[in-house]
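Hi there,

Here's the structure I said I'd pass along. Have a look, and then read on for what turned up.

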Amino acid sequence: KGFLQTYHSRGFYYFFCLFFFSYNLCFIKYSIMIKKKLISLITLLFLFHLTSNLISNDIEKIQIIKEPYYINNLELMNYNENYTLLDDKPASYFIINFWASWCAPCIKEMKSLNSLQEKVPSLRVITISQDKSLDLAKNFFKKNKHKALEKYFDKDKKILSKFSLRGLPTTFIVDKDYKVFAKVEGIIEWDSKSFINWLNAN
């Protein structure tokens, strides 16, 4: 009888230990699963918050020009060294981008400028190189394509003299009447829905 009591006591003890171990193991697995889901949720919320801030920051970078001016007679030289006037080809808007092949931020935003032109064909995205030579600008586009963009070179910096720039890249936003009414110093996501909506509202 004493042996049986001892045996049952040990059996109950082993059963209890096994149950306790299994319970803790399940609890640990469940906790890890919850933890992973919480981390995923927090990550998604953080990315959403970050994206929202980037979008709002892009719009905040747009500066309205207090004293707008007109540039319909702006003369442009293309990469074949042929000249044309801006008003030779009307558009809903003109996005005039000053850039250079040595400027890392300029290069970074080219893709979104090209995408904007593809998304909104009624406007014109005009790139004006400030490189020391035309060949530098040509070579950049040979490597990087961006076929939708209009490409011009500011040979004698005559175009630059008609705008107020503090650095590169700087992009001017011009309406259909050739009025320069806004600018962006630095880069933004030009092809974003928020910018296109802003443009349509102005």
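Which residues are linked in a network of salt bridges? They are Lys 89, Arg 124 and Glu 150. A salt bridge here is a side-chain nitrogen of Lys or Arg within 4 Å of a carboxyl oxygen of Asp or Glu.

Before the rest: this is a predicted model, where local features need pLDDT of at least 70 and side-chain atom pairs count only at pLDDT 80 or more, while totals for chains, interfaces and linings use all residues. Residues are numbered from 1 along each chain as its sequence is written, and side-chain values use heavy atoms, leaving out hydrogens and water.

Lys 89 is partly exposed at 47% relative accessibility, and Glu 150 is buried at 13% (buried is under 20% relative accessible area, exposed over 50%, partly exposed in between, with a 1.4 Å probe and protein chains only).

Glu 185 has a salt bridge with Arg 166, at 2.6 Å between the closest N and O atoms. Glu 185 also meets Lys 183 in a salt bridge, 3.6 Å from N to O. Lys 183 is buried at 13%, whereas Arg 166 is exposed at 72%.

Cheers
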